[in-house]
Amino acid sequence: MRLFEHKDLLSIDQLSIADIKLILDMAESFKEISSRDIKKVPTLRGKTVVNLFYEPSTRTRSSFEIAAKRLSADTFNLSSSNSSTIKGETLIDTGRNLQAMNPDIIILRHSSTGAPHMMAKAVNYGVINAGDGINEHPTQALLDLFTIREKKGRVEGLKIVIIGDISHSRVAKSNIKGLKKLGADVTVSGPPTMVPVGIENYGINVIHNPSEAIRNKDVIMLLRIQFERQSNVLFPSIREYAKYFGVTRKMIELANDDAIIMHPGPINRGVELASELIDAPDSVILEQVKNGVAIRMAILYLLIGGSSK
Amino acid sequence: MITWIKSGSIVDTIKGLIRKADILIKDGIISEIGIIPSELKQKEGVKIIDAEGMLIIPGLIDMHVHLREPGHEYKETILSGAMAAVAGGFTSIACMPNTDPVNDNRAVTEFIIRRGKSAGFAKIYPIACISKKQEGKTLTEFGDIKDAGAVGISDDGMPVINSDLMRRATEYASYHGLTIISHSEDPYLSRGGVMNEGDISTVIGLSGIPSISEEIMVSRDILIAKFTKCPVHIAHVSTAGSVEIIKRGKEAGVLVTAETAPHYFTLDHTAVTGYDSNTKMNPPLRTPEDVLAIKNGLADGIIDAIATDHAPHSTLEKDLEFDKAAFGIIGLETALPLTLALVRAGVISLPEAIKKLSLNPARILGIPGGQLEPGLPADLAIIDTDYEYTLKKEDILSKSKNSPFIGKALKGRNKLTMIGGKIVWE
């Protein structure tokens, strides 16, 4: 009997509450490894981990690579610029070609929603979704849950607000699902053009005004305003966004006393979040990055660790 | 040559009833409907088809298919499309002009008609473009194209954004006795969308196409038809709002007709969960409330016709990430069982269902067919409404297999198709 009965990690939806707690607990024990002098254990020796990134990424890709290396797995990176994609190969063909080389797991980031799901159906090795389109980014949500639990001692019952472009944020989508599963009280905030229809079906609150939304919250989670994804009708200008939706120190004062500020990065300083807040003591942004390695070690271990594949 | 179809139940689309009778066909023409004396059997050269327990329907007429010839013959040819049609009980199909090159001139229209004749099987009726190259700028030569054999005018697949062009198109088409078929979509509202915008698109993270993208253009085209007093036909109606707008148009006396496709009354947007690109079409599968409104629209006569929007695509266009996959599914071989499901559910009567699949589209396009009467060509299908089967990929005659109904249990199947008294499929 395996601890974790999944071939792939595609969506927070597939995880039970017990699965999530298992991942977080496992990450806690893996976190220590990264602070050692010799930051390596032999757990995944002989396993092959492929990073297949069709979208630019610094944080997530390096986090996965470091996580895999610290577990002694062999890793290699493929990105769309050096893969056969530019020669016209389809995603499924790339997946099958990789299969011929017998990897244990691939970590896939793709601009198309559902790409990891499609890949997972087509191949026999595991697939981790490292962000698909505007859909999900499950490992980011898990590291955020880990960080919240570490800082607050719990997730259940906490009041959490997510501010930004909810419609186009896979981080928001995965976080909403994960936070709801662990019993948090979730509010989303942002201009109406950036809040998707039917979001209230998740059982969350929608408060467009960020000051109102931040009031009495325990966790303030910002999202990157993704200039590269915006059509020109969601908001008039960065200046306007920063003026009416950018989070400032004054707004943070409305939150609960020990509230923490989170951001999945990369940050547009002074746009979604005032620059001074990024480096303030209540910001846990770099902790999130640190915890990302531990969470990804835990996920790799749970998916491909042990002798049976 | 005499053919005697014995003991079937004949669907009368004019009177709206079903009666048990024989059909006698002489030289391709229906000569008699009624009880035929059995002495005939003794005569030589009489072919007898026993239709006991079967339904005899007028050959179905699909006013909205995409045959990919010329240009994309690897997806569908006029021949493979015609074969798929007769397998599904269709004897006449009207093909949309978005081929390569597009059907915006007499030469392409004539080519399609010629290929249709040499292919045999179903009768092929071309629909020509509203605008040259489907660019939405200049009208095509409606008169010349009609003389060549086109039966309708549409930029299907490409919405006509320029309202003035649409207005002039209805006026000029009406002069030539042609109906404009509107692909109603505001491309600014639907831009980037790949499924219905709603709670499901939010949950599964796909970009949405809002219902208003269709409804705004349905409204506009009905307003144009009202203003010009010319007919307009709304293609592939998918939303409750469109049904309501068309209803009001009809009540106000506007010359508007409408069609929907079987997938819009069979599936809703929850089918997209799982990212199967065979659930991707334009307009997209909508909400359960929209599905209900489409059914009510069919029942109330707001929606006149059922057309498949048969859109063949190969695995090259469909075996891709959902957002990159092509829009559209095939429909010729599943329209009949899916429509019969509506009849079983009590939404519409059997004669009414068959009428929406034959006589009504024939009337909208002004082409023959859709009824079984002495003196008319024997274009008909013999169907077994109780036949249950699972749709298999390998049984599909269309060159492309992009159907969300593969592997699904269907009930009701065409057993025999006859055109001009000749059996073309059995």
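**Chains, domains and strands**

A: Chain A has 11 helices and 9 strands. This is a predicted model.

Q: How compact is chain A for its length?
A: As compact as a globular protein of that length, because its radius of gyration of 19 Å is close to the 19 Å that the globule rule gives for 309 residues.

Q: And the box that its C-alpha atoms fill?
A: Roughly 55 × 45 × 35 Å, along the principal axes.

Q: What share of chain A is buried?
A: Buried residues are 49% of the 309.

Q: Now chain B. How many helices and strands?
A: Chain B has 14 helices and 18 strands. Its radius of gyration is 21 Å, close to the 22 Å from the globule rule for 426 residues, so chain B is as compact as a globular protein of that length.

Q: What does the C-alpha trace of chain B span?
A: About 70 × 45 × 45 Å along its principal axes.

Q: What share of chain B counts as buried?
A: For chain B, 58% of the 426 residues.

Q: What about contacts in chain B between residues 24 or more positions apart?
A: They account for 75% of the chain B contacts with a separation of 6 or more.

Q: Which domains does chain B have?
A: The domain assignment gives domain 1 as 2-56 + 376-400 + 411-425, and domain 2 as 59-365. Their C-alpha centres lie 28 Å apart.

Q: How many residues are in contact between those domains of chain B?
A: In domain 1 of chain B, 25 residues are in contact with 35 residues of domain 2.

Q: Which element gives the most on the domain 1 side?
A: β17(B), with 6 residues. Elements giving two or more residues to that side include β1 (2-12) and β2 (17-26) of chain B. By class, the domain 1 side divides into 12 nonpolar, 8 polar and 5 charged residues.

Q: How do β1(B) and β2(B) run, parallel or antiparallel?
A: Antiparallel, joined by 9 bridges. Thr3(B) stands opposite Ile25(B) in β2(B). The two strands form a hairpin with 4 residues between them. Gly16(B), in the turn, has a positive phi of about 70°.

Q: What joins β2(B) to β3(B)?
A: 5 bridges, and these strands run antiparallel. β3(B) covers residues 29-34. In β3(B), Ile30(B) is the bridge partner of Ile25(B). So what sits between the strands? β2(B) and β3(B) form a hairpin with 2 residues between them. Asp27(B) in the turn has a positive phi of about 50°.

Q: Change of topic: where is Ala85(B)?
A: In helix α1 of chain B, residues 78-87.

Q: Buried or exposed, and why?
A: Ala85(B) is buried, because 33 other C-beta atoms lie within 10 Å. The cut-off for buried is 20 or more.

Q: What does Ala85(B) touch, leaving out residues up to four places away in sequence?
A: Asp62(B), Phe90(B), Ile93(B), Phe121(B), Ala122(B) and Leu332(B).

Q: And how far is Val65(B) from Ala85(B)?
A: They are 20 residues apart in sequence and 9.7 Å apart in space, C-alpha to C-alpha.

Note on methods
Residues are numbered from 1 along each chain as its sequence is written. Chains are lettered from A and ligands numbered from 1 in the order in which they are written. This is a predicted model: local features need pLDDT of at least 70, side-chain atom pairs count only at pLDDT 80 or more; totals for chains, interfaces and linings use all residues. A residue is buried if 20 or more other C-beta atoms lie within 10 Å of its own, exposed if 12 or fewer, and partly exposed in between; C-beta atoms are placed from the backbone. Two residues are in contact if their C-beta atoms, placed from the backbone, lie within 7 Å. Domain bounds come from an automatic or database domain assignment. Ala, Val, Leu, Ile, Met, Phe, Trp, Tyr, Cys and Pro count as nonpolar, Asp, Glu, Lys and Arg as charged, and the others, Gly among them, as polar. Two strands pair if DSSP finds at least two bridges between them. The radius of gyration is taken over C-alpha atoms; the globule rule is 2.2 Å times the number of residues to the power 0.38.
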